[in-house]
Amino acid sequence: MSTEAPEAPAPEEPRRGSLHSGKGRMADPIFKWAVAACGTIVLVILALMVIRTTSEAWPVFVKEGFFGFLFGQEWTTGNSRTEITGTYGAWPFIYGTLVTSTIAIVIALPLAIMVAFYITHLAPRRLAKPLSYTVELLAAVPSVIFGLWGLHWFLPNVLRPFFEVLESVLGWFFLFEGPIRGVGYLSAGIVLAIMILPIMTAIIREVIAVHPIDQRMAAYALGSTRWEVMRKVVLPASFSGIVAAAMLGLGRALGETIAVLMLIGGSQSWGASLFGTGSSMASHIAATFGEAGPEARTGLMAIGVALFLVTMIVNILARVIVWRLGRMTGDAAV
Amino acid sequence: MSTMTTTPPRPHVPLSTRPPGASYRRFKDRAATVALTGAMILAMIPLVLIIFEVTRRGIGVLSLDFITQTEPPPRREGGGYAAGFFGTLYIMALAVLMSIPFGIATAVYIVEYGPNRLTSTIRFFTDVMTGIPSIFVGLFVYGLLVIGWGGMGFGTFVGAVAIAVMMLPIVTRSAEEMLRLVPHEIRNASYGLGARKWQTIVHTVLPAAAPGLTTGSMLAIARGIGETAPLLLTAFGSGLIVTSLQGSPQGAVPMQLYRGAAQPFEAGIDRAWGAALCLFLLVLAFTIVARWIGSKASTNG
């Protein structure tokens, strides 16, 4: 870039007096204020988000109380236009979100760590870049395609047979109690795991890549095997980065809508079995928004606010960890 | 240093003898290699399966009709996603106009006028914004524009606003990285020729960073095209071609795909696979071309 960049701007004819004329003098501050105004748009949008959605959802929080809303078991919408007449307890949806995200993290985190180590330490150097691109290509697949593929191919061909085996072996355990409906918490969680794998791999890979090479070389010089270098030198040093990656992945999983909506089954109940159907917070909003009346939409707005709060806390914690690690570059930031 | 002298000299061991535990350690190393390779393969399987299945079931549906005709009722065969394609194009054009200039301007402010307290605040919240659930962005635009202060109702424009809000942090973050790559010598050379700061930025820094900015913008577009959840709450969806900017619900490919996949009739599901193939090819094209421009730009440097 630098080799051709100096030639890029054509040398301009200096306009006479432009440096000292009043108009020219004002151009710089005006430009600065213009770009600064664009920059503050992000802050304005975020502030508007918080204010607008919270004020919209406020009547529901007032009626149910904050904890009553979070832990209430019943979700019955009313039809009023002016007041809140239904009962709004979001626990079944909060439970669905927690269960699916936990499944996703439990599956994806070990896999992401292993893939990141494979790419950075074991892959032939020529393969490392294509491999990481390919994994990240998975992140580019729109979530609605994951939903379609998950529902119409992955579920009947892979997950259902797998569930049947799981149920016959571990059916006595309350998490794997039948009946198997196909769609449900576990299906949504597994597809979520595939979806959050790329971002977690990308971040862990970058964290591992910034690990100083002299430490690794010292460990090899002491006679360590490759595994020992990975396990005892690089892994402990990358721990906080891995935590950050897990939290960013968790943030994605909490907020994912369409794929979960298509795979979780969409019932308003909740139960301990992972084969059971339910709803996550995001999927319930998307599923019922279209037919909902004004009052029900207020209730959905309240779920949205709760979801926003949780994802914000998770994301801010993760970002703080990442920022402490130093500036991350490239795709891990997106 | 004194410890060196106090260690008792070790008995001489021929190099061919391995220390105790060596074979176990070697076995562990081998096992770990196998496990990590297995994990890599396992991680690639879903992508291969998705590409294969989407291509296999989508390819038969694609034809000129698929792009030029609107969708019949789900149980009837034939027809296409013309409404969705038109809506996606319309929404994306507006969203690009809204998000990319603001995103790049924000990056210019952060890189050229920072670091100060405001720029680091903006940077932090841009990062945070990438993690906001897309469904919440939909709720926000619904609350702000559809029923709120604007009272605009569903339509193309509010859908585009939602997509633009999703794209903005991606554009900003990548543009910021690209502007930082522009060497300081270029800026100094421009100042040395008597250019003002804004002239330096507009005529020197931005052209030098242009390939990188294109990469970031295209990745953001690739992300925006596939967004479904925010549109369900703002554009709302339509099976017919809608040309009005605002006031009547607008369709989009991902929304139509979702509705097609969620109903039970085979013909509608087939069309959904076709749409998935189109969407996938679009996203893939944008992603690969973006990477290609990006890598070309960085190898020149």
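Trainee: In this predicted model, how many residues of chain B are in contact with chain A?

Mentor: An interface can be read by counting the residues on each side, and here 87 residues of chain B are in contact with 79 residues of chain A. Helix 2 (residues 22-58) of chain B gives the most to the side of chain B that touches chain A, contributing 19 residues, and by class that side holds 56 nonpolar, 21 polar and ten charged residues.

Trainee: Which elements of chain B have the lowest and the highest mean pLDDT?

Mentor: Where pLDDT is low, the predicted coordinates should not be read in detail. In chain B, helix 1 (residues 2-6) has the lowest mean pLDDT among the elements, at 49, while helix 4 (residues 82-113) has the highest, at 94. For chain B as a whole the mean pLDDT is 88, with 92% of its residues reaching 70 or more, and for the complex the predictor gives an ipTM of 0.88 and a pTM of 0.87.

Trainee: At what angle do helix 3 and helix 9 of chain A pack?

Mentor: A helix pair can be described by its angle, the separation of its axes and its handedness. Helix 3 (residues 91-122) of chain A and helix 9 (residues 239-255) of chain A pack at about 140°, with their axes 9 Å apart; because angles count as roughly antiparallel only over 145 degrees, helix 3 of chain A is oblique to helix 9 of chain A. The crossing is right-handed, and the residues of this contact, including Ala104(A) of helix 3 and Gly249(A) of helix 9, divide into twelve nonpolar, four polar and no charged.

Technical notes:
Residues are numbered from 1 along each chain as its sequence is written. Chains are lettered from A and ligands numbered from 1 in the order in which they are written. This is a predicted model: local features need pLDDT of at least 70, side-chain atom pairs count only at pLDDT 80 or more; totals for chains, interfaces and linings use all residues. Two residues are in contact if their C-beta atoms, placed from the backbone, lie within 7 Å. Helices (H or I, at least four residues) and strands (E, at least two) are DSSP runs, numbered from the N terminus. Ala, Val, Leu, Ile, Met, Phe, Trp, Tyr, Cys and Pro count as nonpolar, Asp, Glu, Lys and Arg as charged, and the others, Gly among them, as polar. pLDDT is the predictor's confidence in each residue, from 0 to 100. Axes are lines fitted to C-alpha atoms, for helices over the stretch in contact, and angles run from 0 to 180 degrees between N-to-C directions. Angles under 35 degrees count as roughly parallel, over 145 as roughly antiparallel, 65 to 115 as roughly perpendicular and the rest as oblique. A crossing is left-handed if the near helix is turned anticlockwise from the far one by less than a right angle, and right-handed if clockwise.
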